[in-house]
Amino acid sequence: MDALLEANSFTRQGTIIYDEHNHSLWYRRSDAIVIIDHFTFQESHEIFDYRHYTIEQNKLMRQGLALYRFLASEKEADIAPWL
């Protein structure tokens, strides 16, 4: 996934950690932000605090750029047209 984003001029900016099992990586270029979610939902684990999830996304959206969010498990071929 990093190679696809770098090929489209995105640079990794940071990691958003929700809990010990779930995190997102976010990337930026001059006109857009991409968030890649690495989620592991299992029945034995509680789901992380959704407020944290939305707060972090809203902070990025405040920058006024297009924002796209994908799951890390998605195929690059499905993500590429959005970039």
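Student: Is Ser-9 buried or exposed?
Tutor: Ser-9 is exposed, because its relative accessible area is 52%. Exposed means over 50% relative accessible area, buried under 20%, and partly exposed in between (1.4 Å probe, protein chains only).

Student: What kind of model is this, and what do the values rest on?
Tutor: This is a predicted model, where local features need pLDDT of at least 70, side-chain atom pairs count only at pLDDT 80 or more, and totals for chains, interfaces and linings use all residues. Residues are numbered from 1 along each chain as its sequence is written, and side-chain values use heavy atoms, with hydrogens and water left out.

Student: Back to Ser-9. Where does it lie?
Tutor: Ser-9 lies in the loop between helix 1 (2–7) and strand 1 (11–17). Helices (H or I, at least four residues) and strands (E, at least two) are DSSP runs, numbered from the N terminus.

Student: And what is the phi of Ser-9?
Tutor: Near 70°, which is a positive value in a residue other than glycine. Most residues other than glycine have a negative phi.

Student: New topic: strand 3. How many of its residues are buried?
Tutor: Six of the seven residues in strand 3 (residues 32–38) are buried.

Student: How many bridges join strand 2 to strand 3?
Tutor: Seven, and strand 2 (residues 23–29) runs antiparallel to strand 3. Two strands pair if DSSP finds at least two bridges between them. A hairpin through two residues connects strand 2 with strand 3.

Student: Which residue in strand 3 is the bridge partner of Arg-28?
Tutor: Ile-33. Ile-33 also stands opposite Leu-67 in strand 4. Strand 3 and strand 4 (residues 66–71) run parallel and are joined by six bridges.

Student: Now the rings. How many aromatic pairs are there?
Tutor: The count is two aromatic pairs. Rings of Phe, Tyr and Trp (its six-membered ring) pair if their centres lie within 6.5 Å; planes under 30 degrees apart count as stacked, over 60 as edge-to-face and the rest as tilted. One of the pairs is Tyr-18 with Phe-39, edge-to-face, at 5.8 Å centre to centre and 65° between the planes.

Student: Where do Tyr-18 and Phe-39 lie?
Tutor: Tyr-18 is in the loop between strand 1 and strand 2, and Phe-39 is in the loop between strand 3 and helix 2 (50–61), so the pair ties together parts that are 21 residues apart in sequence. Tyr-18 is buried at 11% relative accessible area, whereas Phe-39 is partly exposed at 21%.

Student: Why is the pair of Tyr-68 and Trp-82 called tilted?
Tutor: Because the planes of Tyr-68 and Trp-82 are at 50°, with the ring centres 5.9 Å apart. Tyr-68 is in strand 4 and Trp-82 in the segment after helix 3 (76–79), 14 residues apart.
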